Amino acid sequence: MTADAAEALEVITGASRFEASAEKSTVAHAAQELSGGSGGAGTVDGDVCRIYTPVGTTEVELRITWLRSDGTPAGDPAPKFTVLPMGERALTSTDGAVIRFACRSAELTGSAPAHVDIGVERGGMPTEPEGDPDELKDAYATVAHSFSLAMAKELGCENDGGLEPRPSLDPAPR
C-alpha cells in the first residue's frame with residue numbers, strides 16, 4: 001500500500017492504526033485466485049482483504065474486493081459516482097470506489113485482455129458518511145488505485161494495466 005493510501009485510510013476511518021488481517025488476505029493471494037492458480041474453477045470474484053480499525057476504537061470495516069469480467073464497462077454510472085480518468089473506468093463516491101483496468105499477462109488464462117475491477121467499500125450496516133465529501137471521494141479513489149496498481153503489478157499486466165504511479169483525482173470530462 002502506498003503512503004498516500006495509508007493517509008487516505010485515515011481520512012476514511014479516522015484511525016492511523018489497523019488490526020491485522022487473515023494471513024491469506026494479501027494482494028499476492030488474491031492475484032493467485034484471480035489468475036486461476038487457486039480457488040475453484042470459474043472463480044471470478046473474491047476478497048483481497050478487509051481493513052479493521054483497532055479494537056477499542058470506533059469500529060470501521062473496509063472491504064477490498066476483486067472482480068474479473070469479460071468486457072469493458074457499459075452504461076452510465078449511478079448519480080452518486082464521480083468518474084475519474086484512471087484505467088478503463090474509475091468511479092468514486094463518499095462511501096466507496098471501484099477501478100477497472102485491462103490486463104494482458106501470461107499469468108492469466110482465458111481471453112485477453114482480462115478486465116479487473118478493484119473495489120473499496122465500507123462494510124457493515126450502511127451509515128451516512130462523515131467528513132468532507134470531496135475529501136472522502138479522493139480518499140476512496142486513492143485506496144482503490146493503490147490496490148489496483150498493486151494487483152496489476154502482481155499479475156504482471158503489461159504497462160501496469162494502464163494505471164499511472166499516482167491516482168488521477170480530477171474528475172473526467174463527461
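Q: Why is Asn159 called exposed?
A: Asn159 has a relative accessible area of 66%, and since the term exposed is used for values over 50%, Asn159 is called exposed because its value of 66% passes that cut-off. The model in which this value is computed is a predicted one. Asn159 lies in the segment after α3, and its C-alpha atom is separated by 34 Å from that of Thr53, a residue 106 places away along the chain.

Q: What makes the phi of Asn159 worth a remark?
A: Phi of Asn159 is near 55°, which is a positive value in a residue other than glycine. Most residues other than glycine have a negative phi. Asp160, which also lies in the segment after α3, has a positive phi of about 50° although it is not a glycine.

Q: Why is Asp160 called partly exposed?
A: The relative accessible area of Asp160 is 24%, and because buried means under 20% and exposed means over 50%, a value of 24% falls in between and Asp160 is therefore partly exposed.

Q: How do you know that the buried residues of α1 line one face of the helix?
A: In α1, which covers residues 3–13, the buried residues are Ala5, Ala8, Leu9, Ile12 and Thr13. Seen down the axis of α1, these buried residues fall within an arc of 120°, so they line one face of the helix. An α-helix has 3.6 residues a turn, so residues three or four places apart point the same way. The face of α1 turned away from the buried side carries the exposed residues Ala3 and Glu7.

Q: What do the buried residues of α1 pack against?
A: Their partners are the strands β1 (45–52), β2 (61–69) and β6 (114–122), together with the helix α3 (133–155). Just after α1, Gly14 takes a positive phi of about 80°.

Q: What makes helix α2 mostly covered?
A: Helix α2 spans residues 27–34, and six of its eight residues are buried, namely Val27, His29, Ala30, Ala31, Glu33 and Leu34. What covers these buried residues includes β1, β2, β6 and α3. Just after α2, Gly36 takes a positive phi of about 90°.

Q: Why is Ser16 called exposed?
A: Ser16 is placed in the loop between α1 and α2, and it has a relative accessible area of 57%. Because exposed means over 50%, the value of 57% puts Ser16 among the exposed residues. The C-alpha atoms of Ser16 and Ala6, which are 10 residues apart along the chain, are separated by 7.8 Å.

Q: Which residues is Asp47 in contact with, leaving aside its neighbours within four places in sequence?
A: Asp47 is in contact with Ala30, Glu33, Arg63, Ile64, Thr65 and Trp66, where contact means heavy atoms within 4.5 Å. The C-alpha atoms of Asp47 and Leu67, 20 residues apart along the chain, are separated by 8.8 Å.

Q: How do you know whether the radius of gyration of the protein chain agrees or disagrees with that of a compact globule?
A: For 174 residues, a compact globule would have a radius of gyration near 16 Å, and because the protein chain has 16 Å, the value agrees. Along its principal axes the C-alpha trace spans about 45 × 40 × 30 Å, and buried residues make up 43% of the 174 residues.

Q: What is the order of helices and strands in the protein chain, and what share of contacts joins residues at least 24 apart?
A: The protein chain has three helices and six strands, and from the N terminus on they run α-α-β-β-β-β-β-β-α. Among contacts between residues at least 6 apart in sequence, 61% join residues at least 24 apart.

Note on methods
Residues numbered from 1 in each chain as written. Predicted model: local features only at pLDDT ≥ 70, side-chain atom pairs only at ≥ 80, totals over all residues. Heavy atoms only, no water. Helix = DSSP H or I, 4+ residues; strand = E, 2+ residues; numbered from the N terminus. Rg over C-alpha atoms; globule rule 2.2 N^0.38 Å. Buried < 20%, exposed > 50% of the residue type's maximum accessible area, 1.4 Å probe, protein only. Arc of directions from axis to C-beta.
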